[in-house]
Amino acid sequence: MSDQLHLTYNISPDDFTRAGEASSDVKGKLKQMGVSPEAVRKVAIAMYEGEINMVIHANGGTINIIVSPDEVKMILEDEGPGIADIELAMQAGYSTAPDKVRSLGFGAGMGLPNMKKYSDQMKIQTELGVGTTVTMTVKL
Amino acid sequence: MTVKDVKTILDGSIICGEEYLEKEVHTACGADMMSDVLAFSKNQSVLLTGLCNPQVVRTAEMMDIVCIVFVRGKKPDEGMISLAKERGIALLTTDHRMFSACGLLYEQGLRGGACS
């Protein structure tokens, strides 16, 4: 494995059909690199929930993935509305997603809790009207 | 049980992934909300769902799900089928409703795994 791999993805807004393509690509690349299936799955699920969030709530954004020998770092940045109350947003079942999103199978209020569950470390920086950056790390 | 057993028990038909009929499934999950599926991480699972859109296949891909069963006779579109083929996931459809489909598989010994 090379020392570090850096991947960047632009997540397009409102394209629900394509949401998940970036996570799928990362999953494939980590598998190829010989990362353990358990760690690959943790990264894939955490990133996929984040990617869906960016499409639903934030008008898309950018995801940077940094793979080093001992961890995968995911940095998800958007210029969306920001999160008013992080503690509330972290509660399982709390959601601000519109009904349209719910009919597509998301918006159950499990996105952020799932991201926390599958990553070993998660940090949220957010400012109303400016955007949100979520940084997640999965140990290898 | 195998994907083939799931198909037989549910009186279902296979849409794609005939080559995976002999694959073992160890647990099952029934949900229409994909985030509920994503909260459940088990090996070699089958997903039963009434939802029929590309994110079902994407969710299954992230979870390494072996087989998706669409209940109430729902049929995935071409885009979903080609995505499933690409990702090596078998797609089945059954006329049974969610509750009955889950019950039939449970009766034959398939379980949901412990709560976590």
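Helices (H or I, at least four residues) and strands (E, at least two) are DSSP runs, numbered from the N terminus. B:Glu61 lies in helix 3 of chain B. The model is predicted: local features need pLDDT of at least 70, side-chain atom pairs count only at pLDDT 80 or more, and totals for chains, interfaces and linings use all residues. Residues are numbered from 1 along each chain as its sequence is written, chains are lettered from A and ligands numbered from 1 in the order in which they are written, and side-chain values use heavy atoms, with hydrogens and water left out.

Chain B has 5 helices and 5 strands. Along the sequence they follow the pattern α-β-β-α-β-α-β-α-β-α. The C-alpha trace of chain B spans about 30 × 30 × 25 Å along its principal axes. The radius of gyration is taken over C-alpha atoms, and the globule rule is 2.2 Å times the number of residues to the power 0.38. For 116 residues, a compact globule would have a radius near 13 Å; chain B has 12 Å, which agrees. Buried means under 20% relative accessible area, exposed over 50%, and partly exposed in between (1.4 Å probe, protein chains only). Of the 116 residues of chain B, 53% count as buried. Contact means heavy atoms within 4.5 Å. Among contacts in chain B with a separation of 6 or more, 49% join residues 24 or more positions apart.

Helix 3 of chain B packs against helix 4 (residues 78-87) of chain B. Their axes come within 9 Å and cross at roughly 10°. Helix 3 of chain B is therefore roughly parallel to helix 4 of chain B (angles under 35 degrees count as roughly parallel, over 145 as roughly antiparallel, 65 to 115 as roughly perpendicular and the rest as oblique). Axes are lines fitted to C-alpha atoms, for helices over the stretch in contact, and angles run from 0 to 180 degrees between N-to-C directions. B:Pro54, B:Val57, B:Arg58 and B:Glu61 of helix 3 meet B:Met80, B:Leu83, B:Ala84 and B:Arg87 of helix 4.

Helix 3 (residues 54-63) of chain B also comes up against helix 1 (residues 21-32) of chain A, with axes within 11 Å and a crossing of roughly 25°. These two helices are therefore roughly parallel. A:Glu21, A:Ser23, A:Ser24 and A:Lys27 make the contact from chain A, and B:Arg58, B:Glu61 and B:Met62 from chain B.

B:Glu61 is buried, with a relative accessible area of 7%. Leaving aside neighbours within four places in sequence, B:Glu61 touches A:Ser24, A:Lys27, B:Arg87 and B:Ile89.
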